[in-house]
Each structure stands twice: as C-alpha cells, then as structure tokens.
Amino acid sequence: MKHLIIFGAPGAGKGTQAEKISQQFNLRHLSTGQILREIVDKEILAIMNNGSLVSDDVINQIIKQKIEEDKNSYFVFDGYPRTLKQSKYLDKLIKPEEIILINLIVSSKEVIARLSLRKRNDDTEENIKRRLKIYHKNTKPILDYYKSTNRLYKINGEASVNDVFNRLKDLITN
Ligand code: AP5
C-alpha cells in the first residue's frame, strides 16, 4: 500500500472519493478543509470564506501533528498538498516513494455546477471563482513535481460517484 493524495479542483470530488477509499482500503482520511472547519478560528474562517489559502506554515504544522499522532497508518490526503511548498514538506514527513498523487480531472464547468448545488459557506459564486483561480495558479508546479518523480497518476472524475470510485479502485490495486 501507498499513501494517496487525491488531488483536483474545488468540487472535483476529492472529499467524496477520499472517504470511500479510506473505508475500502482502511486508510486514514485527512481532509485539511475539514480539519480547518473544525478548528473554528475566526482568522482561518475569514480566509476560507474569502476563497484564499491558509498559510503553508499553519497547514504543514497541522499535517505534521496528524501524521505523528498516527505513525502506523497509511493516509489518504484530501486538499493537501495544495502548493509546491506543501508537497515538498510532505516528502520530509513521509518517504517520497511511499506517496502517489492521483489527479481527479473534472472540467471547470462541471465543478461550478456541482458547487452551485451545494450550500457550504464558502460556495458563493465569487468564492468558487477565486478558489478555481488559485487552484489553476498552483497546480502546474505540483503536478510537475510529482511527474518528475514518477508519482503522478490521473483519472477522469466526470462520471457518477460509483464509476469514479471504480476507476480509482482499479488504479490503486493495479
Ligand atoms: P476544501 O474543503 O479542501 O475545499 P475544496 O478544495 O474547495 O474542495 P471541495 O470540498 O469544495 O470539493 P471536493 O473536491 O472535496 O469535492 P466534494 O467531494 O466535496 O478547502 C476549503 C478551504 O480550506 C480552501 O479554500 C482553503 O481556504 C482552505 N484549505 C484547505 N486545505 C488547504 C491547504 N492544503 N492549504 C491552504 N488552505 C487550505 O464534492 C463537491 C460536490 O460535488 C458535493 O456536493 C458532492 O456531493 C458532489 N459530487 C462529488 N462527486 C460527484 C460526482 N462524481 N458527480 C456529481 N456530483 C459529485
């Protein structure tokens, strides 16, 4: 088994699939978005509700603590890493060869449609646009980094939840 990063745009289905994968393969699901929402810190919530990213240092410390709490587990990361700095930091916490990144590819049109149906606090039209902009700005260096170390995989995330899950299971078990 490897540690898995489920990567993709806001609304690509990272959380939905990471949860199913964690149950199927007995991995620990770590969602940075979920962890941040549970911290209920005014400053952090303001950043999230503005569609911006919380600082790398804050996020990296959270992840470090979670990994150290549970050294024997394999993790499925959802929403982390989100910057090149976070990607490199994760490689210091876990042996790089034990981590793969799976990019869930979903078009902007589809993610906007999905998030517009959901009613989370940070799912306003303006916020979704900003999250997508930030995602596109940060994505290439991250994908290049995993590609250069032969740890990059991708699947088409535009299908029913179960079909996407089956594609992921095939990839993980092969
Ligand atoms: P986070 O919670 O990670 O939000 P996000 O990346 O914007 O992703 P979402 O949760 O919106 O979407 P998802 O890809 O998980 O899809 P989901 O399964 O939910 O982060 C929130 C904020 O926290 C960030 O903006 C940032 O401020 C901060 N943050 C978090 N991590 C950070 C980090 N590492 N560094 C810095 N800041 C960080 O599905 C979305 C919807 O689509 C749901 O309604 C779902 O039911 C539906 N859906 C899912 N799959 C399908 C399907 N196959 N077909 C149809 N509908 C589907």
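I looked up which element gives the most to the shell around the ligand: α2, with four residues. Helices here are DSSP runs of H or I, at least four residues, and strands are runs of E, at least two, numbered from the N terminus.

This is a predicted model: local features need pLDDT of at least 70, side-chain atom pairs count only at pLDDT 80 or more, and totals for chains, interfaces and linings use all residues. Residues are numbered from 1 along each chain as its sequence is written, and side-chain values use heavy atoms, without hydrogens or water.

Next, the ligand shell. I found 30 residues around the ligand, with T16, T32, S52, R82 and R118 the closest. A residue is near if one of its heavy atoms lies within 4 Å.

An N or O atom in the R82 side chain is 2.5 Å from one. For the R131 side chain I noted 2.8 Å. A polar side-chain atom of R37 lies 3.1 Å from a ligand oxygen. Alone, the ligand exposes 1000 Å², and the protein buries 86% of that. These areas are Shrake-Rupley values with a 1.4 Å probe.

Last, the overall fold. I counted eight helices and five strands. Their order along the sequence is β-α-β-α-α-α-β-α-β-α-α-β-α. The radius of gyration is 15 Å, close to the 16 Å of the globule rule for 174 residues, so the protein is as compact as a globular protein of that length. That radius is taken over C-alpha atoms, and the rule is 2.2 Å times the number of residues to the power 0.38.

Note on methods. A polar contact is a pair of N or O atoms within 3.5 Å; within protein, one must be able to donate a hydrogen and the other to accept it, and residues adjacent in sequence count only if both atoms are side-chain atoms.
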